[in-house]
Amino acid sequence: METVTPAHREALADILLPIADDAWIAGQRGSEWLGMAPDLEEDLALSSISQDALGHAQLLYDVLAELGNREADEQVYARPASGWRHCRLVQTPRQDWADFVARRYCYETFDDLRLHALAGAGHAPLQSALAKILQEKLYHVRHFDTWLQTLAWGGTQSRARLQEAMAGVFSELGDLFSWGQGASALAMWNLTALSSLRPLWESRVRARLEQLGLEWPRVAAKKSDGRLGEHGPEFSDLLAEMTSVRAMEPAGEW
Amino acid sequence: MDDVQRVNDFKARIGAGEKIESTDWMPKEYRDLLIKQIHMHGISEIMGAYPEKEWVGKAPTIRRKLALNAKVQDEIGHGQMLLRLAEDLSRPYGRGREALMDDVLEGRVKFHNVFHLEAPTWADAGVIGFMVDGGAIITQAMLLDSSYAPYARMLKRIVAEESFHMQHGESVVLALAEGSEAQRAMLQGAITRWWPAMMYFFGPRMMGPSSQKMMDYKIRTMTNEQLRQKFINRYVPRIQALGMAIPDPALYQDAATRTWHYTDPDWEWFTAVVHHNSGPMSQARLSLRREAHRGQQWVREAAIEAGRVLQERGA
């Protein structure tokens, strides 16, 4: 893209914000597992993944800042709940390990497809951020895929827990595939492929579940759309907690 | 079966400054002291994750959140390394990771007094890095010279990381010290809370019999009081440089002997906290550990089962 008009910049920001917010909230929720993972080795691995996710969000917030948004810290700490564009899937608080594995497997698989599709966008700062993100994303996908397999082959109880968790997660998938206000922006950047990721995701996940002998649960229709800033009271609570320390001196040095 | 001659030869090796490797013969007493020390050290690292973990979600900037997340991860990593060492030493007793982890839930291994206490503000998260990790560096620097070589080697890495943690804590604390009145008050509150706990941290003035034996075997090389003096000497100027007060009106340094005089912490109270897990946060933190360890036993069992299934399939 040789000349980037303000409209283009705004459109790209609409496309990137949901991706950045998904990563941030996934990192925030992932950090809730510190000291709580099934063993110490997983605690260490998961902490690295959470740090990566927060770092990916930061890289994208920096790209967004360059497109005209506020600086990264302001985007995280000074945005009202309605300004966030993450999906329900990453927002749900920590439950059990089966839920977390099912949830993150679904998210990481989708995010991986989405980031690869984004590689077609001709915006140099974004491409340099993506190069770093995709390198790490590979390991995140692999990590949760390995856990999916482990729980699937982990005996009757483990398989039942995973199957039940998968059904629960599928009931929260609705807005994962939505682009909210970003839908019309995709065409502007020749990124319409991003609006048709759902069948790709479904075929990849379906094949994996079949291979592991797991049922394909029903995907519930979306009840609310996180991509439009609809997150409910659960997110207001999370946001209040996340910003509570900084709220003491919002303009101060920390 | 430890015959006297063998034990004496062993003590002579240690006396001559030789280091012991895990494959060397060692008296049961030496092995048990090592297990006690390293197990407690490892479990303390893990329990130390909880007071700070609470603040990862609330850290006030992106940079602080990433740093604190990484710090907590390091502590868990130290716990993991140290437990592997304790597992190795416990092999003759047939005790592995599960048993060593059960011990803390069932009160058979203690953890450091500081991790039984509340960390009610962001300043506490900074002060833990600044003062607790700073105190741990003093203790662990002494252990670098431990007669048990695998422990000494492992501590090289741990001490290096603890010094990053201290710098992280110092950076948090400095920002608060240079901040608003509210930020400074929050910092003073945390220093006031943690000072007596740090006086207890190094142990009683008179060392107990097992600490004394650890000195004899050169597992450790300094007394509790020497370590505490080192801490006070290092932290009085640091805290004063922040413009913060040290909450001990009786604190002064004897000009002739250079010895610091200080108000004794409530020895009885802290000792009861450590022995009976009766501190303000002991049970809450143990219940987090229980949730992780017992609550997710099914996951560890599933992993073993999946490993078996996959091996059968030749995957």
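Analyst: The expected span of a helix is 1.5 Å times one less than its number of residues, helices (H or I, at least four residues) and strands (E, at least two) being DSSP runs numbered from the N terminus. This is a predicted model, in which local features need pLDDT of at least 70 and side-chain atom pairs count only at pLDDT 80 or more, while totals for chains, interfaces and linings use all residues. Residues are numbered from 1 along each chain as its sequence is written, chains are lettered from A and ligands numbered from 1 in the order in which they are written, and side-chain values use heavy atoms, with hydrogens and water left out.

User: What span should helix α2 of chain B have at 1.5 Å a residue?

Analyst: Helix α2 of chain B (residues 28-47) has 20 residues and should span 28 Å, which agrees with the 28 Å between its end C-alpha atoms. In chain A, helix α5 (residues 97-118) reaches 31 Å, close to the 32 Å expected for its 22 residues.

User: How many residues of α5(A) are buried?

Analyst: Buried means under 20% relative accessible area, exposed over 50%, and partly exposed in between (1.4 Å probe, protein chains only). In α5(A), 20 of the 22 residues are buried; in α2(B), 15 of the 20 are.

User: Which area do chain B and chain A bury between them?

Analyst: The size of an interface is often given as the accessible area lost when the parts come together. Buried area is that loss for two parts (1.4 Å probe), summed over both. Chain B and chain A bury about 4100 Å², 64% of it on carbon and sulfur atoms. In chain B, Ile62(B), Gln73(B) and Trp298(B) lose the most area to chain A, together 18% of what that side buries. With contact meaning heavy atoms within 4.5 Å, 47 residues of chain B touch 49 residues of chain A. The rule finds 2 salt bridges across this interface; Glu41(A) and Arg97(B) form a salt bridge, their closest N and O atoms being 2.8 Å apart.

User: Is Arg246(A) buried or exposed?

Analyst: Arg246(A) counts as buried because its relative accessibility is 10%. The residue is found in the segment after α10 (232-242) of chain A. Beyond residues up to four places away in sequence, Arg246(A) touches partners including Asp73(A), Glu74(A), Pro60(B) and Thr61(B).

Key. Salt bridge = Lys/Arg side-chain N within 4 Å of Asp/Glu carboxyl O.
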